[in-house]
Amino acid sequence: MKKSIKYIFGGVVLCIFMLNCSSGGGDDTPDPGPDPGPGTINPPSAATLAFPEQNSECTTGSNLTSTESTIVFNWSDASNATSYQLFVKNLNTQNTENYTSNVSERSVTILRGTPYSWYVVSRNSGTETAQSPTWKFYNAGEAISSYAPFPAELVAPALSAKLEASTTNISLEWNGEDVDDDIETYDVFFGTANPPTEKVSTTSNTNASVNVSSGNTYYWRIITHDQQNNNSESQVFQFSVE
């Protein structure tokens, strides 16, 4: 009898233990956490430019008139991009036009016998964008033996820069490029008049040292000359010394 009671008691305890394990022991499945919501939009990559080529003479295109031609700008597909914005700048007038495209090319009508620069911005439905490098080319006009240099690209001081009052001497810096690769000299115009009319130096370098003083605003520009007596004029940059 005692043994029967002992077995019955042990069985009851075992059942209670098993019930606790199955109902109250918790679930080992990890909590998935809150709903992550819609997926993240990956930013687009920068496009790789293809045509017109860098520092080239563009002779491919449909000549509409003696002054205009249509060029098909082309670049590689950029990852995660759904649209593109093409920026084309007339380097003579400094005017920039922009065009949209859903594919990696865009046909644009531009002036013949004129230097241009261009770049592409990749976009998608997100807020981030990516910009390609900027390329320059010369859109061919009537047949000529040589081309004017690209207008010099002014680098430093940056446009509208503000320099410390203690500054007394600075280096003007720029970049020069030419389809014919025959740049000879640069004329440096610098002063407080806008546009500057005083030529302060002629150099074959892409920099020139000038003296400045506190409380003045200065303007500067570069005229580039090549070996065939062609020339081009940069835009005017301005900076001030506090």
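Colleague: What makes Asp187 and Lys199 a salt bridge?

Modeller: This is a predicted model. In it, the closest N and O atoms of Asp187 and Lys199 are 4.0 Å apart. The cut-off is within 4 Å, so the pair counts. Asp187 lies in strand E14 (residues 183-191) and Lys199 in strand E15 (residues 199-203), twelve residues apart.

Colleague: Why is Asp187 called buried?

Modeller: Its relative accessible area is 10%. Buried means under 20%, so Asp187 qualifies. Lys199 has 46% relative accessibility and counts as partly exposed.

Colleague: How do you know that Arg221 forms a salt bridge with Glu233?

Modeller: Their closest N and O atoms are 2.9 Å apart. That is within 4 Å, so the label holds. The pair links strand E17 (residues 217-226), which holds Arg221, to strand E18 (residues 231-233), which holds Glu233.

Colleague: Why is Glu233 called partly exposed?

Modeller: Glu233 has a relative accessible area of 43%. Arg221, with 10%, is buried.

Colleague: What does the salt bridge of Lys136 with Glu153 tie together?

Modeller: The closest N and O atoms of Lys136 and Glu153 are 3.7 Å apart. Lys136 is in strand E10 (residues 135-139) and Glu153 in strand E11 (residues 153-156), so the pair ties together parts 17 residues apart in sequence. Lys136 is buried at 9% relative accessibility, while Glu153 is partly exposed at 40%.

Colleague: How many salt bridges does the structure hold?

Modeller: Four.

Definitions and conventions:
Residues numbered from 1 in each chain as written. Predicted model: local features only at pLDDT ≥ 70, side-chain atom pairs only at ≥ 80, totals over all residues. Heavy atoms only, no water. Salt bridge = Lys/Arg side-chain N within 4 Å of Asp/Glu carboxyl O. Helix = DSSP H or I, 4+ residues; strand = E, 2+ residues; numbered from the N terminus. Buried < 20%, exposed > 50% of the residue type's maximum accessible area, 1.4 Å probe, protein only.
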